Amino acid sequence: MSDDVITNGRGGHGFGRRSVLRGAAVGTALPFLPTPAQARTPEGSPATAPAPGSVSLRWLGTAGWRIDVGGRTVLFDPYLTRFRTGLFEKAFDPATKIAPTDAALVREYAGRPELILVSHSHWDHIADVPHLAKTTGARVVGTETTFHLLVALGVDPLQISVVKGGEVLDFGDGLTVEVVASLHSRNKNHAYFAPGTLTAPPAAPATISDLPEGDTLAFQVKAGSDGPALFLMGASDIADRPAEGLRPDVAMVAVPSSSATHRYVPRLLRALGHPPVVVPVHWDNFETPLRGPVVPDPAMDLSGLIGQVRRESPASRVVVPDYRTVYGGDLRPRR
């Protein structure tokens with residue numbers, strides 16, 4: 001599935017990486033046609049060695065992303081072993097047991113990450129993180145609640161970096177991560193599932209209700225010294241002031257399920273400086289197989305979000321991602 005919005009460009013941003021990316025949005029509207037993903041090895045990495053400094057991205061469904069910078073892999077909210085909770089059949093069961101990780105599928109899509117960023121601790125963001133951390137040795141960056149849950153699930157505490165928002169972490173060779181204090185999305189009742197935070201490791205979580213939100217973060221990843229700045233969201237709400245001035249090249253924007261948050265899209269786009277590329281995420285049915293086609297969640301107003309982006313940021317290109325496409329750093333399909 002794809003949708004691309006390319007309209008007349010806007011000035012006032014100067015010349016540089018952003019203006020080059022924005023230049024792709026100047027002129028007559030063009031279709032965005034994703035092509036099949038590159039051939040991939042069993043470890044889920046490109047079949048040919050990546051060029052130094054190259055950046056590729058792959059949507060993992062829900063809010064998740066795989067970012068490959070040269071030979072390095074960064075994951076964000078990698079929820080790959082999907083399991084049914086009744087959520088999409090209007091029979092949601094908070095007592096649903098957390099399913100064992102599908103190791104082969106996770107290896108195929110996630111490869112061997114060195115860094116895993118976690119926005120919050122609900123099951124559709126964290127369920128596969130313990131397995132990934134224990135089998136790859138990847139460093140996990142997340143909230144104190146994420147820390148305590150992962151320790152309870154057997155992850156070495158020395159592998160986990162606790163953050164709150166405002167930190168700028170340098171992982172070398174131009175790869176930096178800026179942590180942004182953010183907010184969880186809200187339903188029509190202005191509430192959400194499993195709020196709360198942890199201050200100590202609990203008993204080992206067994207059900208999805210044992211995984212509280214534990215505060216929510218966003219991240220801006222600078223993908224190498226010459227690569228794009230990527231803004232990653234795990235939920236559809238934003239604290240304007242912490243996000244002010246980030247100016248990413250590509251913004252992964254979570255689609256809301258309600259209008260409970262006042263002017264969510266206009267506030268977000270203004271805070272981020274009207275990004276050249278906007279990618280809607282967290283609009284899919286994440287209980288369908290990841291190897292299959294994307295099935296939209298009817299509760300998520302994807303077309304409404306695209307319409308708001310068109311009105312509020314007409315120079316932004318909107319890319320609706322697909323599971324089976326590997327994209328370049330400007331969110332154009334790799335060929």
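The accessible surface of the chain comes to about 13400 Å², and carbon and sulfur atoms own 55% of that; the areas are Shrake-Rupley values with a 1.4 Å probe, and for residues only the protein chains shown count as cover. Keep in mind that this is a predicted model: local features need pLDDT of at least 70, side-chain atom pairs count only at pLDDT 80 or more, and totals for chains, interfaces and linings use all residues. Numbering starts from 1 along each chain as its sequence is written, and side-chain values use heavy atoms, with hydrogens and water left out.

On confidence, the mean pLDDT (the predictor's confidence in each residue, from 0 to 100) is 85, and 83% of the residues reach 70 or more. Residues 5–49 are the stretch to watch: pLDDT there is below 50, yet the model gives them 117 contacts beyond near neighbours in sequence. Contact here means heavy atoms within 4.5 Å.

Of the 335 residues, 57% are buried, meaning under 20% relative accessible area, with exposed over 50% and partly exposed in between (1.4 Å probe, protein chains only). Among contacts with a separation of 6 or more, 68% link residues 24 or more positions apart.

The largest nonpolar core has 88 residues, and Trp65, Leu117, Phe231, Met252, Val279 and Leu331 touch the most other members. Such a core is a set of buried Ala, Val, Leu, Ile, Met, Phe, Trp, Tyr and Cys residues joined through side-chain atoms within 4.5 Å. Leaving aside neighbours within four places in sequence, Phe231 contacts a list of residues including Val180, Phe219, Met252 and Leu272.

The fold counts eight helices and 15 strands, taken as DSSP runs (H or I, at least four residues; E, at least two) numbered from the N terminus. Strand β2 (residues 55–61) has seven of its seven residues buried, so it is largely enclosed by the rest of the structure. Its partners are listed below; strands pair if DSSP finds at least two bridges between them.

| Partner of β2 | Bridges | Direction |
|---|---|---|
| β3 (residues 64–69) | six | antiparallel |
| β15 (residues 327–328) | two | antiparallel |

Trp59 sits opposite Trp65 in β3, while Leu57 has Tyr327 of β15 as its bridge partner. β2 and β3 make a hairpin with two residues between them, and Thr62 in the turn has a positive phi of about 55°.

Finally, Arg317 belongs to strand β14 (residues 317–319). Arg317 is buried, at a relative accessible area of 1%. A polar atom of the Arg317 side chain lies 2.6 Å from the backbone oxygen of Asp330.

Terms used. A polar contact is a pair of N or O atoms within 3.5 Å; within protein, one must be able to donate a hydrogen and the other to accept it, and residues adjacent in sequence count only if both atoms are side-chain atoms.
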